[in-house]
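Reader: I would like to learn how to read a structure like this one, feature by feature. Could you walk me through it?

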Amino acid sequence: MRYRISHETRYTFSAPVFLEPHLLRFRPQATPFHTIEAFELEITPQPSGHRQQRDAENNLIDSCWFDGVHDLFSIRAESVVHVAEHNPFDFILYPAAALKLPFKYAYQQGLVLQPALQGVGIGNDLQHYG
């Protein structure tokens, strides 16, 4: 499936203002299931500096800064993303672990899954692994 994602933000000011540096998070990230076919970013006024970087969670960020004062600031981002068919729930629970709810992962499996389980409040607590 192919998606075209368009975003536009436009600020107009009653008097010229200094634009502080901006961190823009409009750039999609490619994954094994998402292919970025096109990305376009238009910033007005033209930044005096512009760098792409990654944050601590590996997201792509456009960092830009400006000279002078301006009465307009606009951002237009457009992406075309191809998303492959993917079922995130396509896995099999080991029968012994899933017979009783809530189930416990085997210790080794719990260690491997720990980064994914941290968001549900049990990732740092190894007592939840059998």
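Author: What follows is a short tour, from the overall layout to single residues. This is a predicted model in which local features need pLDDT of at least 70 and side-chain atom pairs count only at pLDDT 80 or more, while totals for chains, interfaces and linings use all residues. Residues are numbered from 1 along each chain as its sequence is written, and side-chain values use heavy atoms, with hydrogens and water left out.

Reader: Let's start with the layout. How many helices and strands are in the chain?

Author: Helices (H or I, at least four residues) and strands (E, at least two) are DSSP runs, numbered from the N terminus. Here the chain has two helices and six strands, and along the sequence they follow the pattern β-β-β-β-β-β-α-α.

Reader: How do I read strand pairing, and which strands pair with β5?

Author: Two strands pair if DSSP finds at least two bridges between them. Strand β2 (residues 22-24) pairs with β5 in the antiparallel sense over three bridges, with H22 having C64 as its bridge partner in β5. Strand β4 (residues 49-54) also runs antiparallel to β5, joined to it by six bridges; there, G49 stands opposite W65.

Reader: Which residues make up the largest nonpolar core?

Author: The general idea is that in soluble globular proteins, nonpolar side chains tend to be buried together. A nonpolar core is a set of buried Ala, Val, Leu, Ile, Met, Phe, Trp, Tyr and Cys residues joined through side-chain atoms within 4.5 Å. The largest one here has seven residues: L19, L24, I43, C64, F66, F73 and I75. Take L19 as an example: leaving out residues up to four places away in sequence, L19 touches F13, P45, F66, H70 and F73. Contact means heavy atoms within 4.5 Å.

Reader: P45 is in that list. What kind of peptide bond joins T44 and P45?

Author: A cis one, with omega about 5°. P45 lies in the loop between β3 (34-44) and β4.

Reader: Can you contrast T12 and S79 for me? Is each buried or exposed?

Author: T12, in strand β1 (residues 2-18), is exposed, with a relative accessible area of 59%. Beyond residues up to four places away in sequence, T12 touches D71 and L72. S79, in strand β6 (residues 69-83), is buried, with a relative accessible area of 3%. With that same exclusion of residues up to four places away, the contacts of S79 are Y3, R4, I5, F26, P28, A38 and F39.

Reader: Now the charged side chains. How many salt bridges does the structure hold?

Author: Side chains of opposite charge can pair when their charged atoms come close. The cut-off for a salt bridge is a side-chain nitrogen of Lys or Arg within 4 Å of a carboxyl oxygen of Asp or Glu. The structure holds six. In one of them, E40 pairs with R76, with the closest N and O atoms 2.9 Å apart. That pair links distant parts of the chain, since E40 is in strand β3 and R76 in strand β6, 36 residues apart.

Reader: What other salt bridges does R76 take part in?

Author: R76 meets E42 in a salt bridge (3.0 Å, N to O). As R76 lies in strand β6 and E42 in strand β3, this pair ties together parts that are 34 residues apart in sequence. R76 also meets E78, at 3.5 Å, N to O. Through shared partners, salt bridges join R4, E40, E42, R76 and E78 into one network.

Conventions
Buried means under 20% relative accessible area, exposed over 50%, partly exposed in between (1.4 Å probe, protein chains only).
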